[in-house]
Amino acid sequence: MKLVNQQLIKNTNLKLLYNSVFENRGISRAALAKQTGLSRTAVSALIDELSERGFLYDSGMGDSSGVGRKPNCLELCAGNYYVAVFGWEETSVHAFLIDICGTTAMQERLEKASSDSYARLCRSFLTGRILERIRPEQILGLCFVLPAMIDPEKEEVFSTTFPLDNDQGEAGVLPFLRSLFSDYAVAVLNDTACCAYAEKIYTGIQEKDYAFIQFSRGIGASLFIQDKLLGQACASYTQFGHFSISPEGPPCPCGNRGCLELVLSEATLRNRLLEKGTTSSLLSRDAVRYEDLGRASLYTDTAAVLVIKDLARELALALSNLICLVHPRLIVLGGNSVSLGPVFLEEIRRCLGETGFSRMTGGVKLRYSQLDSYACYNGAMKYFFDTHYQFTATMNGSFFIG
Ligand SMILES: [Zn+2]
């Protein structure tokens with residue numbers, strides 16, 4: 001038991017030091033000791049271990065401002081350790097090999113026929129392509145990123161958007177992955193949570209209470225409460241898209257009525273424009289997307305601006321309730337909401353100021369995501385490394401849900 005505790009403490013300290021170098025490239029051992037509160041002796045021994053194992057190196061290029069020994073300068077080693085990330089979509093798998101420094105080494109889209117199994121497609125890419133380039137011990141873990149609710153208690157997956165028939169179904173897919181990849185450390189993660197984590201790490205979010213709202217096929221949210229991702233990366237604690245903003249609204253497949261993701265969906269945009277009595281050329285399209293609306297609003301298309309303001313008002317209603325529940329200090333809107341442009345953001349801010357509980361909504365910052373659509377894969381790598389990877393334990397065969 002004592003040994004286990006010591007290993008855990010050592011792992012925490014190694015992780016702390018590695019991430020301090022990740023955030024402050026070129027930092028010296030002395031500065032690390034000061035920043036982390038660990039003794040200089042402990043820092044030295046742990047940094048030596050990370051260097052020997054090929055995680056860090058000392059470039060010896062530190063800026064010397066005094067007499068005596070030149071300060072060292074610690075950097076991350078690139079090209080030694082990786083996480084393989086597989087994003088499952090309806091008809092394809094996005095396969096990535098990402099260095100733990102954040103660089104993408106391989107990126108491919110694998111077409112998935114309706115008779116293919118997601119898991120077997122990933123396994124053949126791993127064996128046939130990734131292991132042609134690197135050795136198995138260079139892979140710290142595998143992440144499967146799913147647009148789904150992942151239930152860690154029942155060990156089940158729930159999604160209305162992609163079929164799991166060839167992967168033993170919603171109840172069988174997690175055991176199937178566990179057995180097919182038992183020679184690796186595996187994590188099964190929700191896509192919105194991975195986007196939220198990427199935003200936190202790569203845009204330097206300092207707020208400990210932060211909400212990420214993702215617009216994609218539906219609307220999802222991930223919440224960080226006191227710096228912890230609520231319910232881990234499972235999407236089982238929060239289903240913001242199924243927050244009802246209209247009890248008399250249209251019925252949703254979830255069983256509720258007037259759910260946010262149904263009311264705000266792109267499928268409603270055409271009718272919303274028609275209701276504004278417009279003759280806009282947007283109506284000549286088969287399907288109106290947020291992007292079309294956002295672009296038209298930039299050129300002051302009146303109907304487009306009015307529709308965006310309506311959408312903003314409806315989202316603001318849900319956000320003001322979210323703020324009353326958990327009080328995030330920062331809300332980031334991601335996915336294709338970004339293409340709704342400045343009018344959308346401004347109108348949400350105005351509505352929150354006017355109708356929300358001002359004492360709660362007053363200090364809440366709101367912005368769009370600053371990352372691209374691949375953020376979730378990089379987020380998955382970093383989440384796995386920060387949350388699940390252990391420097392001091394044998395990882396092969398471990399399986400993490402969320
Ligand atoms: Zn619903």
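1. The C-alpha centres of domain 1 and domain 2 lie 31 Å apart, in a model that is predicted, where local features need pLDDT of at least 70, side-chain atom pairs count only at pLDDT 80 or more, and totals for chains, interfaces and linings use all residues. Residues are numbered from 1 along each chain as its sequence is written. The domain assignment gives domain 1 as 2-76, domain 2 as 82-192 + 376-401, and domain 3 as 204-369; such bounds come from an automatic or database domain assignment.

2. An open sheet of six strands has the order E5-E4-E3-E6-E9-E15, with mixed pairing; helices (H or I, at least four residues) and strands (E, at least two) are DSSP runs, numbered from the N terminus, and two strands pair if DSSP finds at least two bridges between them. Strand E5 (104-111) and strand E15 (399-401) stand at the edges with a single partner strand each, so one side of each is left without a neighbour in the sheet. From one strand to the next, the twist averages 15 degrees.

3. Strand E9 (residues 186-190) pairs with E15 in the parallel sense over three bridges, and here Ala187 has Phe400 of E15 as its bridge partner.

4. Helix H5 (residues 169-180) lies across strand E6 (139-146), E9 and E15, running at about 150 degrees to E9, whereas helix H6 (residues 191-202) lies across strand E3 (82-88), E6 and E9, running at about 90 degrees to E9. Axes are lines fitted to C-alpha atoms, for helices over the stretch in contact, and angles run from 0 to 180 degrees between N-to-C directions.

5. A further open sheet, of five strands, has the order E12-E11-E10-E13-E14 with mixed pairing. Its edge strands are strand E12 (228-229) and strand E14 (365-368), each of which pairs on one side only. Strand E11 (residues 219-225) runs antiparallel to E12, the two being joined by two bridges, and Phe224 stands opposite Leu229 in E12. H6 packs on this sheet as well, touching strand E10 (210-215), E11, E12 and strand E13 (330-335), with a direction that makes about 130 degrees with that of E10.

6. The axes of helix H10 (residues 302-326) and helix H11 (residues 341-355) come within 8 Å and cross at roughly 45 degrees. H10 and H11 are therefore oblique to each other, since angles under 35 degrees count as roughly parallel, over 145 as roughly antiparallel, 65 to 115 as roughly perpendicular and the rest as oblique. Among the residues that meet are Val305, Ile308 and Leu311 in H10, and Val343, Phe344 and Ile348 in H11. The residues of this contact divide into 12 nonpolar, two polar and three charged.

How values were computed:
Contact = placed C-beta atoms within 7 Å. Nonpolar A, V, L, I, M, F, W, Y, C, P; charged D, E, K, R; others polar.
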